[in-house]
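Here is a short briefing for a reader new to this structure. Start with the view below, then follow the points by topic.

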Amino acid sequence: MIAALFVQRDGVYFGIPDVDPWDEERDARLYAGPFPVVAHPPCARWCRLAALVESTGGAKRGDDGGCFAAALASVRAWGGVLEHPAWSEAWPAFGLTKPRARGWQRTMDGGFVASVDQGAYGHLAPKATWLYAFGVAVTPLRTSRPKARMVVTTSRRQRGHMPEMPKSQRSRTPLEFRDVLLDMARAAGQA
């Protein structure tokens with residue numbers, strides 16, 4: 001069994017026989033094991049735009065109600081993998097090693113970090129992503145940088161002639177990428 005933490009209700013982790021999905025209603029901060037995890041903690045308060053949101057009177061940067069801390073604790077306690085946007089401010093806030101290149105790198109705490117583009121797994125935008133894995137046998141990741149078919153931003157400078165991705169699709173995990181993360185979690189304890 002795998003616990004999928006901080007996932008979207010009725011999203012790509014629902015309906016899989018050996019996956020126990022924890023959406024917002026179940027409150028993944030309360031997960032107490034014992035299964036390995038795939039964690040997707042909320043990123044809005046940690047991403048590159050978090051400072052802009054805070055400066056306009058929005059939520060305070062880094063104030064995610066303890067979601068990232070709980071996800072990281074679950075990965076370290078039960079084994080698994082945590083996914084967050086590349087350049088997430090949660091990485092330095094929690095003392096995680098930033099990936100230096102594509103592929104996996106060993107960290108001082110015995111875990112691994114990696115940088116990957118979800119576009120290599122079918123996402124319509126490149127979606128640069130950082131991973132932290134602990135207690136699992138890491139698998140090779142695709143290191144290609146696919147050409148974007150859509151963009152997330154509305155900036156004309158960045159958008160060019162490509163269509164903007166609908167907000168509903170931006171945070172979706174491609175099925176093929178989900179399966180890579182689940183396979184890693186299934187290998188917990190085999191590292």
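How much accessible surface does the protein have, and what percentage of it belongs to carbon and sulfur atoms? The accessible surface comes to about 10,000 Å², and 54% of it belongs to carbon and sulfur atoms. Accessible areas come from the Shrake-Rupley method with a 1.4 Å probe, and for residues only the protein chains shown count as cover.

This is a predicted model: local features need pLDDT of at least 70, side-chain atom pairs count only at pLDDT 80 or more, and totals for chains, interfaces and linings use all residues. Residues are numbered from 1 along each chain as its sequence is written, and side-chain values use heavy atoms, with hydrogens and water left out.

**Overall make-up**

- The protein has six helices and seven strands. Helices (H or I, at least four residues) and strands (E, at least two) are DSSP runs, numbered from the N terminus.
- From the N terminus on, the elements run β-β-β-α-α-β-α-β-β-β-α-α-α.
- Of the 191 residues of the protein, 42% count as buried. Buried means under 20% relative accessible area, exposed means over 50%, and partly exposed lies in between (1.4 Å probe, protein chains only).
- Take the contacts between residues at least 6 apart in sequence: 59% of them join residues at least 24 apart. Contact means heavy atoms within 4.5 Å.

**The sheet**

- Seven strands form an open sheet with mixed pairing, in the order S2-S1-S3-S4-S7-S6-S5. Two strands pair if DSSP finds at least two bridges between them.
- Strand S2 (19-22) and strand S5 (103-106) are the edge strands, and each pairs on one side only.
- On average, neighbouring strands of this sheet are turned by 20° against each other, direction ignored. Axes are lines fitted to C-alpha atoms, for helices over the stretch in contact, and angles run from 0 to 180 degrees between N-to-C directions.
- Strand S1 (residues 2-5) and strand S3 (residues 37-39) run parallel, joined by three bridges. Ala3 has Val37 in S3 as its bridge partner.
- S4 and S7 run antiparallel, joined by six bridges. Here Val81 has Ala133 in S7 as its bridge partner.
- S6 and S7 also pair in the antiparallel sense, over six bridges.
- S7 is largely enclosed by the rest of the structure, because five of its seven residues are buried.

**Helix H2**

- Helix H2 (residues 67-78) packs on the sheet and touches S1, S3, strand S4 (80-85) and strand S7 (128-134). Its direction makes about 155° with that of S4.
- H2 has twelve residues and reaches 16 Å from its first C-alpha to its last, close to the 16 Å expected at 1.5 Å a residue. The expected span is 1.5 Å times one less than the number of residues.
- Which residues of H2 are buried? They are Cys67, Phe68, Ala70, Ala71, Leu72, Ser74 and Val75.
- The cover over these buried residues includes S1, S3, S4, helix H3 (90-93) and S7.
- Gly79 follows H2, and its phi is positive, near 85°.

**Nonpolar cores**

- The largest nonpolar core has 24 residues, of which Tyr13, Val38, Trp104, Leu131 and Leu141 touch the most other members. Such a core is a set of buried Ala, Val, Leu, Ile, Met, Phe, Trp, Tyr and Cys residues joined through side-chain atoms within 4.5 Å.
- S1, S6, S7 and helix H6 (175-186) each supply at least two residues of this core. The largest share, six residues, comes from H6.
- A second, separate core of 23 residues includes Phe6, Tyr31, Val37 and Ala71.
- Not counting residues up to four places away in sequence, Leu131 touches residues including Val81, Trp91, Trp104, Phe112, Leu141, Phe177 and Leu181.

- Ser115 lies in strand S6 (residues 112-117) and stands opposite Trp130 in S7. Ser115 is buried, with a relative accessible area of 12%.
- Trp46 sits in the loop between S3 and helix H1 (50-55). Trp46 is buried, with a relative accessible area of 7%. The C-alpha atoms of Trp46 and Arg61 are separated by 6.3 Å, although the two are 15 residues apart along the chain.
- Val180 is found in helix H6 and is buried, with a relative accessible area of 17%. Leaving aside its neighbours within four places in sequence, Val180 is in contact with Tyr121, Thr139 and Leu141.
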